[in-house]
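Please look through the sequence and the model, and then read the notes below.

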Amino acid sequence: MGLVGYLTFGAVLFSLGIYAVVARKNLIAVLIGAELMLNAASINFLAFNRFVATEPVTGQIVVLFIIGLAAAEVAIALSIVLSVYRGSSSVETDDLTQLRG
């Protein structure tokens, strides 16, 4: 598989992530969509790293940074989702019309 194949796969994965973020009503599904978008960006970085970059370590370092960012994002987002669930007993986005501090 060449560069075009990897970029196509990344674009499809990113599109599925955008669909999950926009169309889903469950906060967990929205979080999974955001993770899909981060993984698509990682695939694109690795594809360009393999086929275009002169320094092979650069893309791998960026992907490791993205993985660390994704782990932190999941931890914070899940704590927010749990806090919202405790307050409203629902994780549906339609039920969350008013957020209180």
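At what angle do helix α2 and helix α3 pack, and how far apart are their axes? Helix α2 (residues 27-51) packs with helix α3 (residues 57-88) at an angle of about 175°, and their axes are 9 Å apart. This is a predicted model, in which local features need pLDDT of at least 70, side-chain atom pairs count only at pLDDT 80 or more, and totals for chains, interfaces and linings use all residues. Residues are numbered from 1 along each chain as its sequence is written, and side-chain values use heavy atoms, with hydrogens and water left out.

**Packing of α2 with α3**

- Because of that angle, α2 is roughly antiparallel to α3, a term for angles over 145 degrees between N-to-C directions.
- The residues of this contact divide into 17 nonpolar, five polar and two charged, where Ala, Val, Leu, Ile, Met, Phe, Trp, Tyr, Cys and Pro count as nonpolar, Asp, Glu, Lys and Arg as charged, and the others, Gly among them, as polar.
- The helices named here are DSSP runs (H or I) of at least four residues, numbered from the N terminus.

- Val21 lies in helix α1 (residues 3-23), and Val21 counts as partly exposed because its relative accessibility is 30%; buried means under 20% relative accessible area, exposed over 50%, and partly exposed in between, with a 1.4 Å probe and protein chains only.
- Leu16 is also found in helix α1 and, at 47% relative accessibility, counts as partly exposed, while its C-alpha atom is 9.7 Å from that of Ala40, which is 24 residues apart in sequence.

**A residue of helix α2**

- Gly33 has its place in helix α2 and counts as buried, because its relative accessibility is 0%.
- Between the C-alpha atoms of Gly33 and Val22 the separation is 8.8 Å, and the two residues are eleven residues apart along the chain.

**Residues of helix α3**

- Phe65 lies in helix α3 and is exposed, with a relative accessible area of 60%; the C-alpha atoms of Phe65 and Ser42, 23 residues apart along the chain, are separated by 9.6 Å.
- Gly68 is placed in helix α3 and is partly exposed at 41% relative accessible area, and from Gly68 to Asp94, 26 residues apart in sequence, the C-alpha to C-alpha distance is 31 Å.

Terms used:
Helices (H or I, at least four residues) and strands (E, at least two) are DSSP runs, numbered from the N terminus. Axes are lines fitted to C-alpha atoms, for helices over the stretch in contact, and angles run from 0 to 180 degrees between N-to-C directions. Angles under 35 degrees count as roughly parallel, over 145 as roughly antiparallel, 65 to 115 as roughly perpendicular and the rest as oblique.
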